[in-house]
Amino acid sequence: MALDTAMVKKDFPILHQHTGERPLVFLDSAASSQKPQSVLDAMQNYYETTHANVHRGVYAIAERATAMFEEARNKAARFIGAPATREVLFTKNVTEGINLVANAWGRANLRAGDSVLLTEIEHHANLVPWLMLKEQLGIELRYIPVGDDGQLDLSDLDRLLDGVKLVGVTALSNVLGTIPPVRRIADAAHAAGALCLADGAQYSPHMTTDVVELGVDFFGFTAHKMLGPTGIGVMWGREELLESMPPFLGGGEMIRDVRPDGFTPNELPWKFEAGTPPIAEAVGLGAAIDYLEALGMEQVRRHEVELTTYALTTLAERHGDDLTIYGPAEASQRGGVLSFAYKGIHPHDISQVLDQAGVCVRAGHHCAKPLMRRLGVGATARASFYVYNDEADVDALSEALTNTSDFFF
Amino acid sequence: MALEDLYREIILDHYRSPRNRGELQSPPARRVEGYNPLCGDEVVVFLDVDGDKVTDLKIAGQGCSISQSSASMMSAAVKGKTLAEARALIRAFKGMMSIHEHRLDGDPENGEAGEGEIAATEPEVKLGDLEALQGVVKFPVRIKCATLSWNTLQQGLDEAATT
């Protein structure tokens, strides 16, 4: 295996607990990952030794807090290959990041009748902000269809792009594991005079991210899916776009001057960061990046492909036609997220029985209801892998599925 | 917590062989949809009300064993009942399902779902087979599954009352 998972597991205190005799088998990292001790320690240490508000105090711990906060931004910028650190905006999560783009860029640049092109595999985070603009501004939404093989059907892309101002695409589907050709879509968008936003929530935790190579204009990712804390994410945008956009949220920190009759916004990136930011969370994100980079993002991805290959093979061997796994069939073509149907048993019931064996999987629509309708299902069960998962976890899932069948039939 | 507390045999029976499954022509039947936005479960209740009576009732839609069996048991319990009896059943059932919330409110005396409490909520009502769903309260995320069809029925009765 590309990673020594036995060593990795040791770093995650939550995985040391047991359900009866069995260790906790956590297969829901696509929803939110677990945190290594180093991330927990970094945040605890920050609160115990350094906490003060950032960009305000001149005393020593305030300066140190500011330095730690901005150092986290540097790490995040490096992690995604951002050309400039001031292009890295801290947000609450990707959802807030896309709302930022929709509201700041969208309201300044979209008029009634303008089109935004999305895909049928988007998470609600990259659907609803645009649906809100549809209601409020009268913009039109179009969708790149998904084929039965789980891949986007780009055969009609040029026609779909006609008159489009922005393309929003996930870099890795949270349901199907599909890895769309973001570069190709971004290039086509630019050729048609449109911008391209990529939702990297599921991508950056697992793949080496280079926003320049991806060729996009906006890229969002979130800490809690990549070993970091909840409450902090990043929206990266090209500098000249961010410069041209009006602020999103108003308040402290995001201003240079405030008068009774107006305000002057702060410079980048703080122009988009109203109010006291999540400082400890930024420190935690920095520690998570350190942890992932110590493992090596290429190894992280290699491990995921190995484990996904193992899962696809062994699950098919044991369960055959009783198990339907959605999305691309090749592990190298997909992320380590397996949405499945099993013997017609409802995902809620599967998840409930699996829980008795300490196996945590997600059940539901995964915040992708249009995709669920496209698949013709109300919900799926979903197992997703990360750096601490190993073949024994896949075996536990497989065994628990058999038990589920025994229980209901 | 044992799985058998949740999935009692009678529940699995209603799940495997749902009663009153299907559709009624609408109109004249009243058609009401209910959704659980958390998991995507959908239930459609078709309701024939004649005067003071629920003369027929059918259930469509899709969902987990708890939501489907609860809907099935509800259909069997409500069909042929008067509107007042149906409403009393809804109150009693939802009373049974809210026991967990009482416990969360910090009232340990109300912690166990005993028959006495159900009787206290709605003394005239016999829940019968429906009491098998009591175990659901020990699995808080599943309570919404169990109450989905009941809330939908209630919505249908409310609409029937205003039109």
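## Salt bridges and the contact of two chains

Biologist: Which residue meets R301(A) in a salt bridge between side chains?

Modeller: The two side chains come to 3.0 Å, N to O, and a salt bridge here is a side-chain nitrogen of Lys or Arg within 4 Å of a carboxyl oxygen of Asp or Glu. This is a predicted model, where local features need pLDDT of at least 70 and side-chain atom pairs count only at pLDDT 80 or more, while totals for chains, interfaces and linings use all residues. Residues are numbered from 1 along each chain as its sequence is written, chains are lettered from A and ligands numbered from 1 in the order in which they are written, and side-chain values use heavy atoms, with hydrogens and water left out. The residue that R301(A) meets is E304(A).

Biologist: Are R301(A) and E304(A) buried or exposed, and how many residues apart are they in helix 11 of chain A?

Modeller: Both R301(A) and E304(A) are buried, where buried means under 20% relative accessible area, exposed over 50% and partly exposed in between (1.4 Å probe, protein chains only). Helices (H or I, at least four residues) and strands (E, at least two) are DSSP runs numbered from the N terminus. Helix 11 of chain A covers residues 297-319, and the pair is separated by about one helical turn because the distance along it is three residues.

Biologist: How many residues apart in sequence are the parts that E159(B) and R30(B) tie together?

Modeller: The side chains of E159(B) and R30(B) form a salt bridge at 3.8 Å, N to O. E159(B) belongs to helix 7 (residues 143-162) of chain B and R30(B) to strand 1 (residues 30-36) of chain B, so the pair ties together parts 129 residues apart in sequence. E159(B) is partly exposed at 29% relative accessible area, and R30(B) is also partly exposed, at 26%. The separation asked for is 129 residues.

Biologist: What is the area buried between chain A and chain B?

Modeller: Buried area is the accessible area (1.4 Å probe) that two parts lose on being put together, summed over both. The contact, meaning heavy atoms within 4.5 Å, involves 16 residues of chain A and 21 residues of chain B. On the side of chain A, H348(A), Q352(A) and F407(A) lose the most area to chain B, together 36% of what that side buries. Carbon and sulfur atoms give 52% of the total, which is about 1500 Å².

Biologist: Which residue of chain A meets R142(B) in a salt bridge?

Modeller: The rule finds one salt bridge across the interface of chain A and chain B. The side chains meet at 2.9 Å, N to O, and the residue that R142(B) meets is D349(A).

Biologist: Which helix of chain A gives the most to the side that touches chain B?

Modeller: Between the chains there are seven residue pairs in polar contact (both at pLDDT 80 or more). The elements of chain A that give two or more residues to this side are helix 12 (347-356) and helix 14 (391-408). With five residues, the element of chain A that gives the most is helix 12.

Biologist: Through how many residues does a hairpin join strand 11 of chain A to strand 12 of chain A?

Modeller: Strand 11 (residues 255-259) and strand 12 (residues 262-265) of chain A run antiparallel and are joined by four bridges, and two strands pair if DSSP finds at least two bridges between them. One of the residues involved is I255(A), whose bridge partner in strand 12 is P265(A). The hairpin joins the strands through two residues.

Key:
Polar contact = N/O pair within 3.5 Å; in protein donor to acceptor, adjacent residues only side chain to side chain.
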